[in-house]
Amino acid sequence: MKNVLDIVYLIPLLPLIGCLINGLGRKSLSKGAVGVIGSGVILVSFLISLWAFFQVHAGNTHTTEYFPFINVGNLKIPFAFRIDQLSAIWLLIITGVGFLIHVYSTAYMHDEESGQYGKYFAYLNLFVFSMLLLVMGANFVIMFIGWEGVGLCSYLLIGFWFKRDEYARAANKAFIMNRIGDLAFLIALFMLINKVGTTTFSDIFTSSTLAKFSTKELTTITLLLFVGATGKSAQIPLYTWLPDAMAGPTPVSALIHAATMVTAGIYMIARCNLMFSMAPQTLNVIAIIGIATALLAASIALKQNDIKKVLAYSTVSQLGYMFLAIGSGAYVAAVFHVMTHAFFKALLFLGSGSVIHAMGGEQDMRKMGGLSKYMKITNITFLLGCLAIAGIPGFSGFFSKDEILAGAFAKSPLLYALGLIGALMTAFYMFRLYATTFKGSFRGTHEQEHHLHESPAAITIPLIILAILSVVGGFIGIPEFMVQGAHSLANFLDPVFKDSYALLPAHEASHSTEWMLAGISSVLVIGVVAFAWNKFSKKPDLQETTGLGKVLENKWYVDELYDTVIVKPINALGSFLNNVFDKKIVDGIVNGVGRLVSYGSRQLRWLQSGQTGAYILMMVLGMVLIFVVQFFLRK
Amino acid sequence: MPINYYITLALCLFSIGVVGVLTRRNAIIVFMCIELMLNAVNLLLVAFSKMHHIAKGATAVTGTDGQLFVFFIMVVAAAEVSVGLAIIVMMYRNVHSININFLNRLKH
């Protein structure tokens, strides 16, 4: 084996094998074996990914064609994997964070019965497989297989406890919302094939190929791709599935809805960055949708009481930031934030899972409080995660968020101001969450208090690792204005994005401006954190809310709005078609024909009287008729 | 004698036959009426044949096909009558009636 890049196919293949073993053997394998297989395959994938990453870091990117996948006429789509800087980063995030979550799951899901346990790990492995296919595909079609695969797996995992109706409905919602986005993605794909006859990234993203497109076509295609991304990455208008997706087991929320799947949209756009850079209107739309989603979701998160719901809306909001970065042309900042977000959001979700585990399934944080006394490791790691997401200087979230805000400032100061408000809201709701859960006094039942305990090592060790990553993860992207040339992520990703940089308007804010922006946001964030900490650790937010707070608690009534505007009319149309069109008109025609025939034959039946005389009479009449026609009427 | 007279006579006989078949219920009378119709046709055939013959010239051998036909019809009619009468006899033995309205079993 000369080069690890020759065996990259093992990276997705191993989780697939793990999925097959766990899925088929779920009845006979013991829980321990399932856990070892499920986590082990991901660990091996991670090690290969790490190895591949160092190869890429040394400058070897690689595209391997394994076999022709679709050959129709002139359209040739090979089954090919592409390992370059962008996919290498995603590989590390998926397999690395994925592995930790698998380990965590072995403890978290331990109370499930054996068959369910195997099924859970099979789904989890299948999910990782799909996600790896998505990022490794060297053309849109392979990417689309993974794209659909993660949609399917999220459906399976959200509805893992499908015996509860609302969970099954949440799974349906996620799947349908995703399908809407997928349709747009597919249309964009067909337009691309129609125009250039290839789906391979390296063939499409060259200036000579892209020169074939008119600006209008580029804008249409990129907008459609973006709609696809809004479905997967939970942006306005297709974001409502993600908060509902919290129905799944908590590690699933961490894996799918925080660390990996929702970043598929970001990955896809980052992959197509050249095309998006050539369509400035699309970038404007993305920036606006991004900031709108960030603010909307952050405002909803302010008033949620379910610990996972807060984190879910926070995820939507952070994804909004990533899209804001893309819309501002700051692709590196988006990728950077994907990475840091994967660390701290996985940490927060897993931490909340640890809390829920200790509380015996309780998710309402009004019934928690004072947990820091009982769960030391969870408390500290969760606090570090909150500090990271809030953007306290020195933690990973600070660097990535600051880079996004700087990018937004370069595009428009208004975007910066809105982004800053969103960041302050983030700091506020995260510390509302933290203080309500871990500070103050315990507000649950006595039985729950008795039951409180720190989680086992399989849960705390992933938390500790993620906490370390959340703290130090930002140092690979120290901004230019602090230390010259220290943004190693930007240097690493330079080959992916350098063509785009040439297209985008140069907007280097002066270093003093950037210092000032970072200073303002840091001071404000620290202020908000201190305020929220004080406010909620003493007197948690328990009373009924009114006015705007109620609107926020009810998520701006967006679900109700969708229900009224889209779901109900469609249901009404459906029941109209069912009751009136189908039953009356379609059935009417079919039954009418039948009834006509049977009525007609019942009438004709009287002709067959059995009276010979009547038969002869008719014969005679017929003959007379023929004679009359023959002799008198025919010319 | 003009051909019209023959035609009129044959028409009358045929009509009597038809009406008889339609109105009478007695199988034998129905049979007789059928014979009447057959003979009306025979009469016409002979008459037309003779007319043809004269038109072609009295010495000609051709133009007698119609008369030949009549013999065939008479033979067939005789055969038919014998079969028919046999049926009627069998029917009388079975149902003790020769009313044709008894013969409506095919309906069921």
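**Exercise 1. A span in chain B**

How far apart do the end C-alpha atoms of residues 68-92 of chain B lie, and what percentage of the span is helix or strand?

Solution. This is a predicted model, in which local features need pLDDT of at least 70, side-chain atom pairs count only at pLDDT 80 or more, and totals for chains, interfaces and linings use all residues. Residues are numbered from 1 along each chain as its sequence is written, while chains are lettered from A and ligands numbered from 1 in the order in which they are written.

- Step 1. The end C-alpha atoms of residues 68-92 of chain B are 36 Å apart.
- Step 2. The span is 100% helix and 0% strand. Helices (H or I, at least four residues) and strands (E, at least two) are DSSP runs, numbered from the N terminus.
- Step 3. Compare the record. An unreviewed UniProt entry lists residues 6-22, 29-48 and 68-92 of chain B as "transmembrane region". UniProt positions are given in the numbering used here, feature names are shortened, and annotations may be inferred rather than shown by experiment.

**Exercise 2. The makeup of chain B**

Solution. 

- Step 1. Count the elements. Chain B has 3 helices and 0 strands. Along the sequence the pattern reads α-α-α.
- Step 2. Check confidence. The mean pLDDT (the predictor's confidence in each residue, from 0 to 100) of chain B is 85, and 88% of the residues score at least 70. Helix α1 (residues 3-23) of chain B has the highest mean among its elements, 91. Helix α2 (residues 27-56) of chain B has the lowest, 88. For the complex, the predictor gives an ipTM of 0.75 and a pTM of 0.80.
- Step 3. Check burial. A residue is buried if 20 or more other C-beta atoms lie within 10 Å of its own, exposed if 12 or fewer, and partly exposed in between; C-beta atoms are placed from the backbone. Of the 108 residues of chain B, 12% are buried.
- Step 4. Check contacts (C-beta atoms, placed from the backbone, within 7 Å). Take those in chain B between residues at least 6 apart in sequence: 49% join residues at least 24 apart.

**Exercise 3. Helix α3 and the residue after it**

Why does the end-to-end distance of helix α3 (residues 65-95) of chain B agree with its number of residues?

Solution. 

- Step 1. The expected span is 1.5 Å times one less than the number of residues. The 31 residues of α3(B) should therefore span 45 Å.
- Step 2. The end C-alpha atoms of α3(B) are 44 Å apart, so the two values agree.
- Step 3. B:H96 follows α3(B) and has a positive phi near 55°, in a residue other than glycine. B:H96 counts as exposed because it has 8 C-beta neighbours inside 10 Å.

**Exercise 4. Backbone details in chain A**

Which residue of the hairpin of β1(A) and β2(A) takes a positive phi?

Solution. 

- Step 1. Strands β1 (residues 62-72) and β2 (residues 75-83) of chain A run antiparallel, joined by 9 bridges. Two strands pair if DSSP finds at least two bridges between them.
- Step 2. A:V72 stands opposite A:L75 in β2(A). The hairpin has 2 residues between the strands, and A:G73 takes the positive phi, near 55°.
- Step 3. Most residues other than glycine have a negative phi, and most peptide bonds are trans. Now go to the loop between α9 (215-232) and α10 (241-244) of chain A, which holds A:P237. A:A234 lies in this loop too.
- Step 4. A:A234 is not a glycine, yet its phi is positive, about 55°. A:A234 counts as buried because it has 31 C-beta neighbours inside 10 Å.
- Step 5. The peptide bond joining A:I236 and A:P237 is cis, with omega about 5°.

How values were computed. Two residues are in contact if their C-beta atoms, placed from the backbone, lie within 7 Å.
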